[in-house]
Amino acid sequence: MTYLIRLSFLLFILSGSTPEIDYADMILYNGKITTMDPEIPVAEAIAIKNDKIMAVGSDQEILTLAGERTLKMNLGGSRIIPGLIDNHVHPLAAAQSEFRKELPDITSLDELFAWISKESSLRKPGEWIVHPKFFITRLQEKRWPSLQELDASAPRNPVFLNGSYAGMVNTKALEISGLPGLNDQAVVKDKQTRNPTGLIRQAGFRYLNKGNEVPLSAEEKLEALQILFQRYNAIGITSVCAGNGGADDLALFNELQKRGKLSVRVFQNFSFPFDPEKPAEEIKEALNGFPYKTGDGNEWVKVGALKVVLDGGILTGTAYMGRPWGKKAMKVYGFHDPAYRGELNLNRAQLVNLIIASSEAGWKFTAHVTGGAGVDTLLAAYQDASQSRPIREGRHSVIHGNFFSKDAISIMRRLNIYADIQPAWFYKDVDLLIEVLGEKRMEDFHPYQKMEKAQVMLNGGSDHMVKLDADRAINPYNPFQAMWTMVSRQSQGEHTVNPSEAVTRESALKTYTINNAYASFEEKLKGSLKTGKLADLIVLSEDLITCPEERIKEIKPVLTIVGGRIVYDLYAVRKE
């Protein structure tokens with residue numbers, strides 16, 4: 001840094017001109033900066049000009065860039081890190097989930113029944129009671145409520161507990177929606193009586209007639225998003241990948257940015273309506289007619305990957321597994337077929353067509369997949385597609401994945417397939433999964449250390465879907481809790497699971513900074529604190545690198561800056 005400043009003065013002198021110093025708008029000094037830049041890994045101070053990083057270096061070097069109007073902040077030794085990136089959230093659904101009314105934090109069946117009874121007393125007969133994201137793995141009892149229990153809680157109102165890939169309804173909901181007449185692919189029925197148990201698969205969701213739902217207006221959606229993004233800023237999140245959406249969603253993000261109210265950068269994945277049975281050329285032709293492709297947009301809002309949903313979910317026992325889920329799982333999740341391995345929505349050949357077509361049309365490809373056999377199916381398709389065209393540069397990925405065998409990791413390394421992981425799932429759900437699947441089958445669950453050693457890119461995200469609180473949301477989006485989970489391998493049940501798969505604090509931080517920047521092809525823009533990059537950074541309440549391990553999950557930002565603008569300030573930092 002000192003060399004560059006001296007060189008600039010020398011050039012001015014040789015040219016016979018009087019040097020004009022370009023002063024910084026803001027300088028943060030007397031800090032401990034973890035830059036995530038291997039050229040200058042640590043520093044004391046950082047200078048910001050407009051929305052970019054002007055310089056990073058020692059206090060002595062950077063303070064020479066201060067002018068009369070420069071805002072200077074003495075950080076008193078606080079740790080600074082790059083702004084955190086969440087690689088998988090659902091901001092529209094999450095933002096709207098509590099816009100009109102707070103959802104309860106339900107941890108037991110008694111709390112569930114109390115909430116349903118209260119809602120029933122407040123609603124007219126026939127009005128729906130819906131919990132938009134309900135997972136039994138998060139209940140003390142670890143089971144679905146019975147049909148009779150739901151009926152007792154709301155005899156006059158239809159009830160739907162939405163678990164994304166399976167759900168539970170009461171008798172009133174069955175009657176209103178005509179579900180009893182559907183086949184076993186939509187409605188789970190008692191093996192002897194053939195009567196519905198109340199458990200429905202995702203295929204049955206579209207028959208639910210939730211007529212009393214009132215959608216938010218466009219202005220309300222924008223307001224809800226702005227509130228959510230302020231919460232993201234407060235926990236240190238400066239960029240996200242929106243897990244799924246369409247043109248209307250993209251338009252909302254762009255409108256917020258146009259109004260100057262967008263405080264989180266967005267990389268939005270897209271779903272595209274296509275027939276997977278068609279050959280790759282026809283799919284590619286349809287994609288070429290689509291008005292977007294990966295990377296379109298600006299530094300605030302960009303088009304992400306093309307996404308498909310390959311299997312179900314581990315939280316509902318519908319993930320596609322290599323072996324049947326087993327007797328314990330059937331008891332917990334409510335399925336009766338002993339050979340049940342989960343759901344698989346696309347076969348290998350269909351995936352190959354989609355991967356080839358999307359790659360040739362300029363798209364990054366990704367898929368929601370949560371079971372080990374689903375991961376293997378997707379990776380086999382990536383391998384087949386690579387025989388027809390190179391795919392290494394596409395930065396294609398596996399969303400969730402969860403179970404990564406030695407062979408799967410090898411394929412990912414060879415083809416440069418990224419892993420979009422959710423450490424919050426490890427924290428919240430590993431205890432029940434071990435009980436259901438056994439320790440042996442769980443050895444491949446979130447093997448961070450094996451993947452890192454194999455140089456597989458780990459990209460951290462939360463899959464935040466419902467509720468606004470960072471720690472009580474479904475799923476929690478507190479990145480410090482997630483990083484603590486990666487470092488400690490501790491579950492919510494206070495068990496240390498497969499500790500050999502723990503990673504260092506620096507590795508966990510990479511997962512939420514520079515690694516996620518690579519996932520969106522933006523490593524030259526953000527993800528590290530380097531001259532010329534976007535000025536997205538946070539100042540921490542405690543030192544992430546040196547604090548006691550147990551304190552990592554308690555860390556909070558005291559200052560969040562996005563594009564050189566302070567978007568969150570916990571308390572008054574000493575300014576000069």
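**Exercise 1. Classify Glu219 as buried, partly exposed or exposed, and find its salt-bridge partner**.

Solution. Glu219 has a relative accessibility of 47% and therefore counts as partly exposed, where buried means under 20% relative accessible area, exposed over 50%, and partly exposed in between, with a 1.4 Å probe and protein chains only. The model is a predicted one, in which local features need pLDDT of at least 70 and side-chain atom pairs count only at pLDDT 80 or more, while totals for chains, interfaces and linings use all residues. Residues are numbered from 1 along each chain as its sequence is written, and side-chain values use heavy atoms, with hydrogens and water left out.

The next step is the partner: the side chain of Glu219 meets that of Arg259 in a salt bridge, at 2.7 Å from N to O, a salt bridge being a side-chain nitrogen of Lys or Arg within 4 Å of a carboxyl oxygen of Asp or Glu. This pair links distant parts of the chain, since Glu219 lies in helix α7 (residues 218-234) and Arg259 in the loop between α8 (247-258) and β15 (265-270), 40 residues apart. Helices (H or I, at least four residues) and strands (E, at least two) are DSSP runs numbered from the N terminus. Arg259, at 37% relative accessibility, is likewise partly exposed.

**Exercise 2. State which parts of the chain the salt bridge between Glu299 and Lys52 ties together**.

Solution. Begin with the contact itself, in which the closest N and O atoms of Glu299 and Lys52 are 3.8 Å apart. Glu299 lies in the loop between α9 (280-288) and β16 (301-309), whereas Lys52 belongs to strand β5 (residues 52-57), so the pair ties together parts that are 247 residues apart in sequence. For accessibility, Glu299 is partly exposed at 26%, and Lys52 is partly exposed with a relative accessible area of 25%. In the whole structure, the search finds 32 salt bridges.

**Exercise 3. Characterise the lining of the second largest pocket**.

Solution. First take the volume, about 530 Å³. The lining has 26 residues, and Ile106, Thr107, Arg138, Lys428 and Gln492 lie nearest the centre. Helix α14 (residues 423-437) gives the most to this lining, with 5 residues. By class, the lining divides into 10 nonpolar, 6 polar and 10 charged residues, where Ala, Val, Leu, Ile, Met, Phe, Trp, Tyr, Cys and Pro count as nonpolar, Asp, Glu, Lys and Arg as charged, and the others, Gly among them, as polar.

Note on methods:
1 Å grid on protein atoms, 1.4 Å probe; cavity = no way out; pocket = protein on both sides within 12 Å on 5 of 7 lines; lining within 4 Å. Points joined across faces, edges and corners; volume = space filled by probe spheres on them.
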